Structure formats: C-alpha cells, structure tokens
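Morning, everyone. Please have the sequence and the model open side by side. I'll go through this one quickly.

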Amino acid sequence: VILVMAAILRPGDELWRPSSARAMNSARARELIVLALTIARTAGESAASVAPGASCAFNPPNATNAGGVVPPGDGWCDCGDPGPVAVLLTGFTHIKPKSVVRLTAQVKAIGDNVLRPLHADTIAVIEVDNCPTPKGLRARALAQGGEPEDSGECTIASREAAVEKLIAEHADGRFLAMGMVEAPDRQGPRRAPEVDESGVRVHAWLPAPRARGATFRLFDKTGVKGATKQWYKLREAWRLMELVEARSMGAASPRRPYNTVIKLRLDLTPQPAWRLCARRDWLLEGQPRAVHAMTDKAFWGRRDAMQETARMYDAIQYYESAGPLPPEAGPTAVALGAKGRPDPMTRPVSVRALLRSVESLPPAAAKDWTLYQKIQVLNVPDMGAAGSFKFRSAAVDLAAKSRAMAANLRAALAQGWEWVDPLAQADVHGRETPRLRHTMAGPNDFRAGVFVTEKDFLDWLLVSNVSVCDLGAETRSILTKVLRWKRRPSMSGCVEPAGVPPVGLGRGGARGAAASGRAGPSAGSDVEEDMSHLIVSRGADDRDDPDPGDDGPIRDAAPSPAGEAGVARADHAGQAQQRASAQATASGASTCAPAPATSWVAENATLVAQDKASGPSLRRIGFLFVGQFLHRHRVRGRSVAQILTREWTPGGARVSYEAFLATSTQHSEFDACSTVDTAEYGTMLAGPGGFSRVAIDLVPYDDHVFVARAKALGMPWRDQMRWPLHPHRVLSYFSTFSRAVALARAREQEAGWTFDLVAFTRIDIFFHYVRYIIPPRPPSQKSWLEAVWESHIIGRRRKRPSAWEDRFIIGRRDAAYSLAQLQDRFSTRFRALGNQSWPEVHIAVLLEEAVLRAQGVRKGPFFEHFVHIQGFHQNKAKYREDYIKPPPGMEVLPEAPRSPRRGRRHGHRGRRA
C-alpha cells in the first residue's frame with residue numbers, strides 16, 4: 001500500500017510530514033488511501049492470474065526504456081490479451097526505380113517493427129502506377145545520353161506480382177489476402193472485378209473508386225488519384241479481412257476473430273518494434289472505444305473502434321451534402337438522422353470523447369503537429385471557461401489552444417453536456433445549446449460541402465463516440481517517404497481525464513450512446529475504470545506545465561542502486577542484467593530485455609601475415625570507435641582501405657590498422673530489441689582490406705547509472721546553453737572513450753609494442769559520412785599520415801576555433817590517449833565553462849590546455865584541412881530532449897534564451913533571419 005501511495009502522490013501532497021498530514025484535506029487523504037488499498041488488492045488478484053511470460057508494459061502506461069519495459073512490481077503487471085492482430089496495408093506505388101528501392105525499405109521496416117513483433121496477419125490493398133510509355137522511355141534515355149531500352153517487360157500485372165512477393169517475404173507466412181485496385185487511367189484492357197479464393201492467399205481485383213463530390217473536384221481536378229481514395233482502399237481491405245476470417249473460422253477451428261486491427265501505409269513506418277499492452281491501450285472488452293492515430297497516416301485500435309474508420313469512405317457524403325446517407329455508413333449515420341451536414345458549424349460534438357483526445361496529445365505535438373492529430377481545428381462548446389477564442393489561425397500556440405479547448409470541454413461536462421448538437425435549440429431540460437467555436441482554421445477546414453481528410457477523419461471518429469489517442473505502441477520515430485528517420489515521440493495509452501463527472505444520462509449521454517451503438521463510453525467494471533484513471537492521470541499531471549525541452553513524460557528516472565557506486569563496468573553490467581532478468585520474466589517473448597555484456601576478438605589472417613612480413617618498419621594505427629549507440633541505419637560496410645592508405649609514405653613503410661569498438665549492446669537509446677550483432681560488425685571491420693585485428697566490448701546501457709552519477713557529482717539535469725544537452729548523456733558518451741582506451745592499452749601490453757597514431761571516431765561517421773581525406777597542400781611533399789604525425793593531433797574546427805571536432809580525431813598516441821580523461825574532468829570543467837556540456841568544447845579545453853601546451857604546440861591544425869565529412873546535418877537539439885524526468889533533488893537549470901537565428905548549432909546549412 002505504501003508503494004502504491006508513493007506512486008500516485010501528486011507533487012503537492014506532503015503526506016509523510018505529520019504537521020502537513022494533519023493540515024491536509026481529509027477527503028484527499030481518504031481518497032488516496034482507498035485508491036491504494038483497492039489497487040493493491042486488485043493487483044494482487046490480477047498478478048496471480050497473469051500467465052507466465054505474458055506481455056507486460058503497464059506501469060506506467062507510457063513507460064519504455066532501452067526498448068524494454070519497467071520491471072514488474074507491486075502487481076501492476078496485468079496487460080491482458082490483445083487478441084489476434086491484423087494489419088491492413090494500403091498504398092500507391094510508382095514504377096520508377098527509386099520508388100521501388102524506397103518501397104523495399106519500407107516493407108522491410110514494416111516487417112521488422114510491426115508484423116513480426118506482433119505476429120500479425122497481413123491484408124494488403126494496393127494500386128500500382130502505369131508503366132512508362134515507350135515515348136517516355138526513349139526521351140528519358142536520350143536525355144541521359146544512352147539508348148532506349150525495351151519496355152515490353154513492364155506490365156501492371158508484373159508490378160503487382162512484384163509488390164505481392166515483396167510483402168510476402170517480410171510477412172513470415174502470414175500474408176493472407178491481396179487486393180489490387182485498378183487505376184482510373186489504367187493502360188491496356190480493363191479487368192472485371194473478381195475475388196479468387198482458390199489459393200492459399202485470397203486475391204481480389206477491385207474497380208477504381210468513383211470520383212464524386214466536391215472533395216474530388218477541389219483536391220483532384222484530374223480525377224486520377226483522388227484525395228479520398230485511401231478510404232476506399234481501407235474499406236476494401238476490411239472486407240477482405242472479414243472474408244479471410246470467414247474462410248478460416250470453421251466449426252472445428254480454434255481461430256478467433258481479430259481483436260486488434262492496424263492500418264498502415266506503404267510510405268511511412270513507425271520505429272522501433274511495436275509493443276502493445278491491452279489494458280493500457282484500451283483493447284479489452286468493456287473499455288472505452290479508442291483509435292490510436294498519427295493523423296490519417298497510421299492508426300490502430302480495438303476492432304469495434306477501427307470499424308468506424310472502415311466506414312469512412314461511405315460517410316464522406318455526410319460532409320458533402322444534406323442528402324440521405326448510405327446504410328454502409330453504419331449506426332452513427334442512423335443516430336445522426338441518416339442525413340448529411342455539409343455545414344461544419346452544424347455538426348455535433350461528443351464532449352467526453354473529444355476531451356480524452358485533447359488530453360492524450362503528447363507535449364511534442366505542441367511544437368510540430370505534422371505527425372500528430374490536428375485536434376485544434378475541431379469545434380468545441382464555448383462555455384466561457386477560457387476567455388476569448390482569439391487565437392492566430394496558423395499552427396502556433398498549439399499548447400494554449402489545447403488548454404482552451406480542454407477548459408471548455410471540462411466545463412461542459414461539469415454542466416452535464418455529453419453531446420452538443422447545434423441543430424437542437426435546447427436540451428431536454430430546456431437549457432440553451434452552447435455555441436460552437438474553434439481555435440484555428442485553415443483555408444478549407446470550414447468550407448461547406450468539402451471533406452477535409454485529417455480534420456473530418458477525427459470528427460467522424462468522435463461523433464461515433466470513439467476517442468482518438470496518440471499513435472503510441474512505444475513509437476519513437478517514423479521512416480519517411482524519402483527513407484529518413486524523423487523523430488516522433490509518442491504517448492502510449494489513452495488519458496482518462498481526471499476531475500470530471502462520470503457519464504451522465506442527459507441529452508448528451510443518450511445521443512452519445514446512440515451514436516456509438518453501445519451503452520456508453522465507460523462500460524467497464526469499477527475497478528478497471530479506477531485503475532485506468534489513476535495510472536494515466538499521472539502522465540496528465542506531468543503535462544499540465546510541460547518543460548520547454550520536454551517531448552513527453554516517458555517515465556520517471558530514479559537512481560539505480562549501482563548508480564551510487566559509480567559506473568564501474570561490473571556494477572553497470574550487473575545492474576542492467578538484473579533489470580533484464582526481471583523484464584524477461586514478466587514480459588515474455590514479445591518484450592526485449594537488454595542483452596548481456598559481450599566481448600569479441602577476431603583477426604584477419606591474411607593481413608596479420610602481411611604485417612608480420614613487414615618487419616620492424618611496420619607502422620601501427622589504432623582506431624577507437626566510441627559512442628553509446630551504433631545507429632544501424634547509418635552504417636554501411638566499407639573497408640578502411642577505401643578511406644586510408646596502407647603506406648605511411650608513398651612506397652614507404654606498411655601501415656597496420658587495428659580496431660577497438662566500445663559501445664552498448666543496442667543500436668539506439670530506447671530500443672533494446674535492436675541488439676548489436678558482434679559477429680556482423682566484427683566481420684565487417686576485419687573484412688578484406690579492413691583491420692588486421694578487431695576487439696569489441698559491449699555492455700548493457702542503463703541511463704539510471706549515469707543520471708545517478710551526474711547527480712552525485714552535483715551536476716544539473718540539463719545544461720544552460722542555447723541548444724541544451726544533458727550532462728548525464730555526455731558523461732555516458734565520454735565513458736566510451738575511457739573504455740576504448742583501456743582496450744587499446746591492453747592490446748599494447750599484450751603485444752609488447754605501441755601504436756604510432758590513434759584515431760577516435762564513431763562507426764557511423766567513419767563508414768557513412770567520411771568521404772575522403774585531404775592531401776597536404778603544396779609545396780609539402782609529405783603523405784597524409786606523415787602530415788598528421790607532424791601536427792601531433794588534428795580536430796580543431798575552422799568555423800568554431802574554440803571547439804574540436806569530436807566526430808573524427810587522430811593524432812599521436814600519447815595525445816590521443818589523453819581523451820580518456822574526459823570522463824573524470826567533465827564534472828569539474830562543466831561549471832568553469834559556464835554550465836555547458838558540449839563535447840567539442842570539453843575536448844578543446846583538454847587538448848589545448850593540458851596536452852598540446854605541455855608538448856610546446858600552441859594549437860593543432862584545422863580539421864577541415866585533413867578530412868571531409870559530407871551529408872551529416874544532424875540537428876542535435878532535436879535529439880537531446882527530456883525522455884525521462886529528473887530524479888528528486890537534482891538541480892534543473894533554466895533554459896537559456898534562444899536567438900532568432902534559424903541556423904544550426906554546428907554551422908551547417910540553414911537560413912538566418
């Protein structure tokens with residue numbers, strides 16, 4: 001009970017001090033105690049009912065760290081069964097080679113991140129582009145200086161078959177149905193609609209959707225693609241799913257209907273691997289209906305909620321004309337009078353569902369709403385709770401707009417308004433219907449008779465009494481159309497608003513229930529309702545006053561036991577292994593615990609033999625690859641020989657390269673499922689023309705350790721620079737320098753010789769972004785390596801002389817090994833440098849003050865005179881937001897004001913105001 005009460009206390013509750021306890025509101029105290037007792041009892045009962053190995057990610061509802069889940073404790077580990085999962089895959093594909101490459105990468109990512117982790121069945125409905133005409137092929141070939149190729153092999157049928165084969169490769173035998181939509185401008189003979197169930201996989205040839213209504217005329221004047229065609233494909237995919245169920249669910253079949261349905265596109269993929277928790281994600285029967293969405297691009301939920309999205313195509317008429325609605329629009333259309341409402345200001349509002357949706361938006365949506373719900377354009381009842389609705393129409397001040405919406409929605413619920421219909425002059429009690437207002441609007445958002453996809457998709461779900469929560473499923477980023485990972489923090493689970501009255505029985509309750517075709521939005525048991533309200537409201541409390549640098553309360557960080565003792569490798573590995581064991585026990589096969597510590601050594605026998613034959617003239621260079629994470633998608637297999645030479649001078653002594661990799665066991669900070677394969681990277685590094693010897697040291701990543709150590713050293717949670725970083729992350733980064741140097745020193749001690757030059761870099765930088773080395777300028781006759789030797793060490797940046805380039809540093813052994821001191825010097829130099837954590841500045845201070853000056857060298861040469869890095873335009877400010885919250889007692893410095901410049905921190909491309 002004490003543990004549960006500690007978890008649910010709000011920041012203002014000081015229940016443990018006797019004087020405060022006596023002065024505390026007695027109702028609040030009773031509420032806490034009753035809730036704690038209820039949840040503790042329920043947790044004990046539910047924990048006993050959880051099967052061993054059941055998936056668990058419920059404490060707190062949006063908790064993730066290193067791709068795993070919070071270890072079970074206090075009985076919170078009852079996720080429930082999400083049931084069978086179906087993925088409806090829809091999209092349009094082009095014939096161009098570049099598009100085929102992108103499609104291949106997207107389908108592979110969908111398989112890795114959604115299909116395989118969830119063991120989902122796949123139903124696809126796609127449309128392919130026409131083949132290029134011979135005239136077009138000839139013009140393109142001649143423009144490129146070549147001869148035109150024969151286009152006889154390109155047919156629409158062959159392209160459809162290629163896409164089907166690609167999906168089947170990544171669906172692991174669970175690709176059950178394929179639908180092909182005919183393009184309106186299809187070349188060649190038309191195909192008659194047909195469904196073929198004779199094979200293992202159902203095939204359907206579908207006609208093109210009818211181009212009808214004002215929406216098509218406004219957004220697609222040619223009538224070829226159609227702004228609303230995606231909803232047609234979704235409807236047909238749903239029908240194929242029902243057909244697959246009918247085929248496989250006989251009287252003797254144990255197969256169950258799909259309970260969870262996911263709709264994805266072929267050009268956007270979430271990352272990392274999805275993990276669902278049925279209770280947290282409202283997938284259990286009796287919980288409120290909800291769809292987890294990223295606008296109209298990707299969404300999923302319980303089957304009965306997702307069915308409303310499948311009715312979207314037939315419901316478009318509701319937004320375009322006042323005529324009768326087709327019966328396919330479902331019970332919502334019947335509850336609305338079976339007639340359309342083309343005027344946006346006459347459409348009703350489901351108050352409770354909209355409030356849930358507003359409060360389920362993560363804080364990141366207030367900064368850039370591109371990949372989040374456009375909830376701020378929806379109508380709300382004006383209850384006068386937030387003053388004036390005078391906001392700018394642009395996508396700015398989104399947080400303030402959301403607060404204004406929530407305040408008025410809460411006031412409406414407090415007065416008993418569950419359902420506000422502008423066409424009704426008054427409710428059954430004679431109260432005048434509140435006026436509807438909105439905080440912002442685009443050019444077409446409130447244009448009569450036009451279906452605006454992103455806005456009206458939300459409106460249809462809400463009017464069907466379906467809440468719209470964030471995409472969740474522990475999504476961290478999105479693979480975009482151009483194959484770039486765009487950071488996209490999410491909030492897993494839905495927020496049940498706290499402090500609002502229960503579902504009423506007034507006009508709103510009756511109409512809202514009728515619109516949803518069910519008894520009401522909260523038909524679950526009392527215990528379930530109490531638990532979902534309590535757990536998610538903690539996230540809501542954190543969101544009331546979001547930190548300027550906070551992209552969402554993912555979980556609370558508390559010091560781990562090993563953190564107080566420092567970051568010794570044994571303690572570090574033991575701490576992470578303890579967590580791994582607990583997570584693996586609780587979460588079963590679908591949850592990834594941090595991989596154990598691993599060491600790996602390999603040699604290239606051919607290169608070793610050549611090195612030995614070189615005799616005493618052999619020069620040795622050690623490459624120390626640092627950084628906590630390898631970032632798999634930015635590493636490609638090039639050999640070191642493609643960048644550096646095997647000769648110290650032209651025709652001179654041979655150079656031997658050895659590699660030392662010190663990193664963590666996972667590719668990214670929040671995905672322990674994406675583990676580093678030592679054999680894969682060792683083989684790449686020790687491959688032909690690569691390193692003679694490779695030593696790899698991997699340890700489990702545990703941010704608790706570094707947060708605790710930073711706190712023990714008196715360092716704040718975040719530094720005070722214009723683009724703030726977190727000291728505990730920089731401390732973690734510098735620890736890999738120390739580990740890599742230890743590996744290299746151990747190798748020297750074992751072999752009885754020392755390296756001539758030592759390089760520090762990150763494996764993704766060296767093998768992806770380093771394009772070439774720059775030979776010394778005339779009249780110098782020295783080689784590149786010889787010039788580096790005479791310069792002692794390179795790395796000083798030309799555009800910012802006070803900082804050294806941490807992405808690639810190479811120099812003499814003793815000077816380079818001094819970087820192992822970064823970890824110990826960081827805390828003392830942090831305050832002296834004005835509360836800043838930039839690694840480049842700390843490296844500059846160490847090398848210039850403690851190393852080069854002692855060797856009689858004033859400053860090293862510019863990095864840009866030796867190495868060219870191309871294509872690396874990462875804005876680090878975007879990757880240093882608060883994923884976890886600071887532990888109690890840790891200093892939080894205010895963020896420094898940012899200048900109006902729009903340039904990037906590293907001086908890369910960017911316009912200035």
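Start with helix 8, residues 229-248. This helix has 20 residues. From its first C-alpha to its last, helix 8 reaches 29 Å. At 1.5 Å a residue, 28 Å is expected, so the two values are close. How much of helix 8 is buried? Of its 20 residues, 14 are buried, and the helix is mostly covered. Keep in mind that this is a predicted model.

Now step back to the whole chain. There are 913 residues, and buried ones make up 57% of them. The chain has 27 helices and 29 strands. Its accessible surface comes to about 37,000 Å². Carbon and sulfur atoms hold 53% of that surface. Next, contacts. Take those in the chain with a separation of 6 or more: 78% of them are between residues 24 or more positions apart.

Find Leu 846, in helix 27, residues 839-852. Its relative accessible area is 0%, so Leu 846 is buried. Leu 822 is 24 residues away along the chain, and the two C-alpha atoms are separated by 7.5 Å.

On to the cysteines. How many disulfides does a search of the whole structure find? One. It joins Cys 469 to Cys 494, with 1.9 Å from S to S. What does this link tie together? Cys 469 lies in strand 14, residues 467-470. Cys 494 lies in the loop between strand 16 (485-487) and helix 16 (507-516). The pair therefore ties together parts that are 25 residues apart in sequence. The link is right-handed, with 115° about the S-S bond. Are these two cysteines buried or exposed? Both Cys 469 and Cys 494 are buried.

Stay in strand 14, and look at Ser 467. Its relative accessibility is 0%, so Ser 467 counts as buried. In sequence, Ser 467 and Cys 494 are 27 residues apart. In space, they are 8.6 Å apart, C-alpha to C-alpha. Which residues touch Ser 467, leaving aside neighbours within four places in sequence? Among them are Arg 289, Ala 290 and Val 291. Ala 353, Arg 356, Ser 357 and Leu 462 are in contact with Ser 467 too.

Next, the aromatic rings. A search of the whole structure finds 28 aromatic pairs. Take Tyr 701 and Phe 706. Their ring centres are 6.5 Å apart. Their planes are at 20°, under the 30 degrees cut-off, so the pair is stacked. Both Tyr 701 and Phe 706 are buried. Now Tyr 733 and Phe 734. Here the centres are 5.9 Å apart and the planes are at 25°, so this pair is stacked as well. Tyr 733 and Phe 734 are both buried.

There is also a cluster to find. Ring pairs link Phe 623, Phe 625, Tyr 657, Phe 691, Phe 766 and Phe 808.

Last, two arginines and two tryptophans. Which ring does Arg 619 lie over? Arg 619 is over the face of Trp 789, at 5.7 Å from the ring centre. Arg 620 lies over the face of Trp 753, at 4.0 Å from the ring centre.

That's my tour. Questions, please.

Definitions and conventions. Residues numbered from 1 in each chain as written. Predicted model: local features only at pLDDT ≥ 70, side-chain atom pairs only at ≥ 80, totals over all residues. Heavy atoms only, no water. Disulfide = S-S within 2.5 Å. Helix = DSSP H or I, 4+ residues; strand = E, 2+ residues; numbered from the N terminus. Buried < 20%, exposed > 50% of the residue type's maximum accessible area, 1.4 Å probe, protein only. Phe/Tyr/Trp six-rings, centres within 6.5 Å; stacked < 30°, edge-to-face > 60°. Lys NZ or Arg CZ within 6 Å of the ring centre and 35° of its normal. Contact = heavy atoms within 4.5 Å. Areas by Shrake-Rupley, 256 points an atom, 1.4 Å probe, with all protein chains shown as cover.
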